[in-house]
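Here is a short report for a reader meeting this structure for the first time. Please keep the sequence and the 3D view open while reading.

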Amino acid sequence: MSGMSVAAPRWSRGAAALIGVLMGVLGVLLVPASPASAHAALVRTSPPENAILATPPAAVVLTFSESVRPVAGKVSVIGPDGKRADTGKPNAAGKTVTIPLRPGGARGTYLVSYRVISADSHPVGGGYSYSVGAPSATPPTAKAGGGVDAVVNVLVHVAKYVGYAGLVLVVGPVLVLMLLWPNRLSRRGPRRLVWVGLGLIAVGTVAGLLLQAPYATGDSLTQVTGSDLRDALQSQFGTVNVLRLGVVAAAAVLLRPVLAGRGGPTDRALLAILGVAGVATWPLSGHPAASPLPAVSVVADAVHVASMAVWLGGLVMLVGFLLRRADDRELRAILPIWARWAALAVCALLLAGTVQALIEIGTPKALVSTAYGQLVLAKIGLFAVAIAVAAYSRRMVRTRLAAAQPGRLRRAVMAELGITAVVLALSTVLVQTTPARTAEANQNVPPPSYYTATLTSALYSLQVDVDPAAVGNNSVHLFAYAPDGNPQPVAEWRASASLPGNGIEAIDIPLLKITDNHAIGEIRLPTPGDWRFRFTVRTTEIDQATVSATVAVK
């Protein structure tokens, strides 16, 4: 009876704490996502939005802030008659998506709609219109969006949290079992915990792979096709997550002797290598892979994830096993070592988190004006509370009160674990939120002010963009197309600009070949006026033609 009277309150407190943590976690995960979930900014279009062109362009060119991949069937140009004006598949080359158009388009307004997958695996969608000759009624076709089905969105968040939780239940417990676990204590409970963690990683990864298809297309779960799943598996996201499953399978083989206490140095070394490879799959399939400094971001995020797993996983072992089962002598030996581990993990978290924030946020304004920055601030606030609780626990260890009063330390560690679980949920939301640097770029995209035109010759048509067509530095984009509208491979590009009215002779424009039919160049225009641009395109050893255009520079 006395045992029951003591156990019941403890069980009640533990259940209440667990329910509180789960409510906090689910509350964070189920917060409605922002409608603008794009993780890449559309920085320029050709033709520009609302432009009125004298002649039909040979193609529509979309340029984003990072590399993108078109979603099959989700990129189109609709003509004034409501029919498709594009032909063939859109061509993606890094940050640029080219949509070839049928030659001889009708006069009127055209609607461009697109949905692409950014380099960090998140969908980007939208649309705009331009006109040929004169505006007309906008084609009655809805623009493609970057939205995600509500059910799919929630499940994606849950799958990511399950994967993170599994990582916590593997990394920290394995380290404790290998280096801190007393020989006299049974390993049965911790072993089960590790296997559960490994299973959670596998379940979260498989769920993420299956959900990536409707997440990318914007469809519901019932609308997913085999080709959608194939595209998801063949993407970088799919490759990285399949690699993670391979790491899980290999780790399952190596963990058996280690968890039983029989693993040798070779087993531990191989597990360490697998651990590094497995942890790296998280940043490689998310924001860090698409950051301005991908190598730095990937390393920082991997350190961040690993430190989190060591810290939280160690706390789970303390609360679930060591503070319950270890005696005073064992706790006096274990707790100081764990305190040092926790301090190192926290320092690594702070350093890696600072590096990530500097890269992903960019400016102080973005820290407070974007959803990503606000989530980071919330995470910092909760993290500070967790650090304060951890400092209290560390003080107990230093003053040797922990071994004498394990129940008091256990309550502090449970509070620390609960707070960090919510921090982990915030991290899950962060990886699905547009980075502040991109959100700010989306807000600051200037209105189009550049020149665009399609110049024709007997050999080819040349789509020319001069951005911003103003005094100062200007970018020149050239796209060559054959008479049938297909991309025209170019053997040599030459370009120049002159202002005869002001006595400025031709200035050569250095051009860099991007693809077979796309070249770019930079030129500084010193004064306003009607500048004459000349472009010579050689398509074979002997075939070439020159076209020219007059660009009003302001």
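The report starts with the whole chain and then turns to single elements and residues.

**The chain as a whole**

This is a predicted model. The chain holds 13 helices and 18 strands. Of its 554 residues, 49% are buried. Take the contacts in the chain with a separation of 6 or more: 70% of them are between residues 24 or more positions apart. The accessible surface comes to about 25000 Å². Carbon and sulfur atoms account for 63% of that surface.

**Helix α7**

Helix α7 covers residues 294-325, which is 32 residues. From first C-alpha to last, α7 reaches 45 Å. That is close to the 46 Å expected at 1.5 Å a residue. Where does α7 bend? The bend is at L318, by about 45°. The helix is also well covered: 23 of its 32 residues are buried, so α7 is largely enclosed by the rest of the structure.

S46 has V61 of β3 as its bridge partner.

P47 sits in the loop between β1 and β2 (52-53). N50 is in the loop between β1 and β2 too. Its phi is positive, about 65°, although N50 is not a glycine. Is N50 buried or exposed? With a relative accessible area of 58%, N50 is exposed, because the cut-off for exposed is over 50%.

**The loop between β11 and β12**

The peptide bond joining D467 and P468 is cis, with omega about 15°. P468 lies in the loop between β11 (461-467) and β12 (472-481). A469 is placed in the loop between β11 and β12 as well. Phi of A469 is near 55°, a positive value in a residue other than glycine. A469 counts as buried, because its relative accessibility is 8% and the cut-off is under 20%.

Why pick out these backbone angles? Most residues other than glycine have a negative phi, and most peptide bonds are trans.

**Two further residues**

S220 lies in the loop between α3 (188-217) and α4 (226-234). The side chains of S220 and T222 are joined by a polar contact of 3.1 Å. Leaving out residues up to four places away in sequence, S220 touches D149 and P214.

R394 belongs to helix α10, residues 371-398. R394 and L335 are 59 residues apart in sequence, yet 8.7 Å apart in space, C-alpha to C-alpha. Which residues does R394 contact, leaving aside neighbours within four places in sequence? They are A339, R340 and A343.

The table lists the values residue by residue.

| Residue | Relative accessible area | Class |
|---|---|---|
| S220 | 18% | buried |
| R394 | 31% | partly exposed |
| N50 | 58% | exposed |
| A469 | 8% | buried |

S220 is classed as buried because 18% falls under the 20% cut-off.

Methods. Residues are numbered from 1 along each chain as its sequence is written. This is a predicted model: local features need pLDDT of at least 70, side-chain atom pairs count only at pLDDT 80 or more; totals for chains, interfaces and linings use all residues. Side-chain values use heavy atoms; hydrogens and water are left out. Helices (H or I, at least four residues) and strands (E, at least two) are DSSP runs, numbered from the N terminus. Buried means under 20% relative accessible area, exposed over 50%, partly exposed in between (1.4 Å probe, protein chains only). A polar contact is a pair of N or O atoms within 3.5 Å; within protein, one must be able to donate a hydrogen and the other to accept it, and residues adjacent in sequence count only if both atoms are side-chain atoms. Contact means heavy atoms within 4.5 Å. Two strands pair if DSSP finds at least two bridges between them. Accessible areas come from the Shrake-Rupley method with a 1.4 Å probe; for residues, only the protein chains shown count as cover. The expected span of a helix is 1.5 Å times one less than its number of residues. The bend at a residue is the angle between axes fitted to the seven residues ending there and the seven starting there.
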